[in-house]
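Here are some exercises to work through with the model open beside you. Try each task before reading its solution.

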Amino acid sequence: MVKRVLSPLAGLLVAVVLVTCACRSELNFPPRLVVAPVSDTSQLIGALPYSGAVYVSKNGYRAFDLDAIVTDEDDADSTISWSFSPGPDIEVRLQGDTARIGPVPNRVCSSYVVFTATDPGGLNTSRTCPFVVFEFRMMLDSMVMTPNSVADTVLECDYRPTLKSGLIWDQPVFDSAWLLECSLVDESGAKVLRLETSDSVGTTGIYLRVSDPVNNADFHHSIQVTVR
C-alpha cells in the first residue's frame, strides 16, 4: 500500500518541478526591424523600406537612426549590435547610433546594404535595403551677351522633384571686372540668374554652389559667359 501511494506522489512532484522551472525560464525574443515608407525628404531615416529603394544623391549620403529602426521586446536598443554588408559601390559609416550610407565618390548606381541586428542572446534579424544613386545636373553651361546689357535666365536643373524646393543656393561667385551684377533671385518658385555686363568684351565665368541638406551633398557648377 505504501509503494502504491508513493509512486503517484513522486510523479506529481516531478511534474510540479518541471512546471516551476518552465515558468522561471526567461524567454529570449529576437530583434525586429521596422519597415515603412521612406521619404525622399527624411533627414534622419527611422525605418527600412518595405518596398522600393532608398534614393541617395551622388557624392552624398542618407542618415539612418538605428535605434528607431530596431525593436526588441526583452532587450534595450543600446544593447543591440549592428553589422552591415554593403553591395557594390556603397559605403557604410557608423557615427554613434547613426549609419551614414552613400555611394563611393563619383559613382551613379543601383545597389543594396544588408542590415543585421543582433541581441545580447545571439538572436539576430537581417533585411536587405536597396539603394538607387542619382545625380544633380544643371542645364545651362554657357551664355552669350552683348556689352552693357541685362539678362534674366531661369536655371533649370535635373534633380528629384521632391528635393528641388529644399536645395540651398549660394550667391554666385563672379569677376566684377566683367559683370556689373550677378545674382540669384526667386521668381514663382524658380531660380533666376540675373546678369548685367560691363562694356568689356571677352570671356568670363560664373561659379555656382548648390547644397542638398537631406542628402548631405554639395554640387558645383560653372557657367561660361561670353561678352561680344
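A pocket here is an open set of grid points where a 1.4 Å probe fits, with protein on both sides within 12 Å along at least five of seven lines, and its lining residues are those with an atom within 4 Å of a point. Keep in mind that this is a predicted model.

**Exercise 1.** Find which element gives the most residues to the lining of the second largest pocket.

*Solution.* Start with the space itself: the second largest pocket has a volume of about 160 Å³. Next, go through its lining, which includes Lys-58, Asn-59, Arg-137, Met-138, Asp-218, Phe-219, His-220 and His-221. Two elements, β11 (137-138) and β19, each supply two or more of the lining residues. The top contributor is β19, with four residues. Sorted by class, the lining holds three nonpolar, four polar and four charged residues.

**Exercise 2.** Describe the largest pocket by volume and by the classes of its lining residues.

*Solution.* The volume comes to about 210 Å³. Among the lining residues are Leu-155, Cys-157, Lys-164, Trp-169 and Asp-186. By class, the lining has six nonpolar, two polar and four charged residues.

Terms used: Residues numbered from 1 in each chain as written. Predicted model: local features only at pLDDT ≥ 70, side-chain atom pairs only at ≥ 80, totals over all residues. Heavy atoms only, no water. 1 Å grid on protein atoms, 1.4 Å probe; cavity = no way out; pocket = protein on both sides within 12 Å on 5 of 7 lines; lining within 4 Å. Points joined across faces, edges and corners; volume = space filled by probe spheres on them. Nonpolar A, V, L, I, M, F, W, Y, C, P; charged D, E, K, R; others polar.
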